[in-house]
Amino acid sequence: MDQNIIDLIPITKLKKSKNDWLNTPVKYDDELKIKDLINEMCYKSYSWIKSKDDLESVTDYDSFKNDFINLIYDKYLKWM
């Protein structure tokens, strides 16, 4: 076989949907979902940005939250 041909690797695991991922319970607490942690992180991040005089918020909280969730989802589940 030609050495330049890459062996094909079948995809055996599909990426979870964002909604399924957000509703996944965390390992140490069945009542706490990933979305609860992400919401807390988002709120604290947005509050921190708003508290800084040298930073300017260029978006409302809902847009920030949506972008924040998408960022974490895209980066975190990229390799899962």
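This is a predicted model: local features need pLDDT of at least 70, side-chain atom pairs count only at pLDDT 80 or more; totals for chains, interfaces and linings use all residues.
**View 1. Phe68, tucked away.** Phe68 has a relative accessibility of 13%, so Phe68 counts as buried, the cut-off being under 20%. Phe68 sits in helix H3, and so does Phe64, 4 residues away, or about one turn of the helix. Phe64 comes out at 16% relative accessibility and counts as buried too.

View 2. A search of the whole structure turns up 5 aromatic pairs. In one of them, the ring centres of Tyr46 and Tyr61 are 5.2 Å apart and the planes meet at 75°, so this pair is edge-to-face. Tyr46 belongs to helix H2 (residues 34-51) and Tyr61 to helix H3 (residues 61-76), so to speak a link between distant parts of the chain, 15 residues apart. Is Tyr46 buried or exposed? Tyr46 is buried, with a relative accessible area of 12%. Tyr61, at 26% relative accessibility, is partly exposed.

**View 3. Phe64 and Phe68, ring on ring.** Here the centres lie 6.0 Å apart and the planes are at 25°, so Phe64 and Phe68 make a stacked pair.

**View 4. Stepping back to the whole chain.** The protein chain has 3 helices and 2 strands, and along the sequence they run α-β-β-α-α. How many of its 80 residues count as buried, as a percentage? The figure is 16%. The accessible surface is about 7,100 Å², with 55% of that belonging to carbon and sulfur atoms.

How values were computed: Residues are numbered from 1 along each chain as its sequence is written. Side-chain values use heavy atoms; hydrogens and water are left out. Buried means under 20% relative accessible area, exposed over 50%, partly exposed in between (1.4 Å probe, protein chains only). Accessible areas come from the Shrake-Rupley method with a 1.4 Å probe; for residues, only the protein chains shown count as cover. Rings of Phe, Tyr and Trp (its six-membered ring) pair if their centres lie within 6.5 Å; planes under 30 degrees apart count as stacked, over 60 as edge-to-face and the rest as tilted.
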